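Come and have a look with me.

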Amino acid sequence: MKIKTNLIAMVSILALGHLQAQSAPAAPAASASSAAPATSAAPATSAAPAAVALPPLTVDITVNDMMSFSVTKIEAHPGQTVTVRLKNNGTLPKDAMAHNWILLKAGADLNAYAAAAAAAKAENFQPKALADEVLAAIPMIGAKQSGDVTFTAPTTPGTYKYLCSCYGHSMAGMKGSLIVK
């Protein structure tokens with residue numbers, strides 16, 4: 001619901017900016033000999049409107065001892081700032097049921113990454129050999145812990161997979177997609 005509200009707000013802002021850009025009169029080009037110095041009291045009405053910045057997107061994901069993400073689909077725009085907040089509502093100790101959040105590059109093999117991660121406990125289930133396949137990550141968190149990461153959505157539209165890379169958690173369903181469009 002929060003994502004849908006953010007998207008509606010963003011579309012409204014973009015539409016308003018587009019309408020303002022269409023209705024603003026074109027500013028005549030100033031020649032070097034006729035240009036008057038600007039004063040701080042003069043309103044900047046003849047300047048072209050600045051590009052509308054995308055509002056940042058915050059996604060709250062909860063996990064628990066049942067090995068599932070509460071959010072399995074995130075939609076963002078190219079270049080948008082995204083913050084993912086992960087909260088573990090589980091009760092099992094961290095060494096028995098920890099979770100993380102790993103966002104992979106487009107085209108990365110989620111299953112191959114998960115298999116390599118399962119054997120990388122000493123590296124917190126983030127294999128260094130595959131670090132170049134990771135766009136963003138939240139390290140392992142235990143019961144009643146939280147973690148977050150802020151990143152810029154890729155500029156190339158597409159589907160980017162995310163997973164919990166702890167021992168087979170993604171195979172149990174802890175995976176999802178960031179869709180950039």
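Below are my entries on the sheets and on a helix.

I began with the ground rules: this is a predicted model, where local features need pLDDT of at least 70, side-chain atom pairs count only at pLDDT 80 or more, and totals for chains, interfaces and linings use all residues. Residues are numbered from 1 along each chain as its sequence is written, and side-chain values use heavy atoms, with hydrogens and water left out.

**Three-strand sheet.** I looked up the order and found β1-β3-β6, an open sheet with mixed pairing. Strands are DSSP runs (E, at least two residues) and helices likewise (H or I, at least four), numbered from the N terminus; two strands pair if DSSP finds at least two bridges between them. β1 (57-63) and β6 (146-152) each have a single partner strand, so one side of each lacks a neighbour in the sheet. The twist averages 15° from one strand to the next; angles run from 0 to 180 degrees between N-to-C directions, with axes fitted to C-alpha atoms, for helices over the stretch in contact.

Next I checked β3 (residues 81-88): β3 pairs with β6 in the antiparallel sense over seven bridges. Lys 87 sits opposite Ser 146 in β6.

**Five-strand sheet.** I noted another open sheet with mixed pairing, in the order β2-β8-β7-β4-β5. At its edges I found β2 (73-76) and β5 (134-141), each pairing on one side only.

Which helix packs on this sheet? I found α2 (residues 110-118), touching β4, β5, β7 and β8 (175-180), where contact means heavy atoms within 4.5 Å. The direction of α2 makes about 20° with that of β7.
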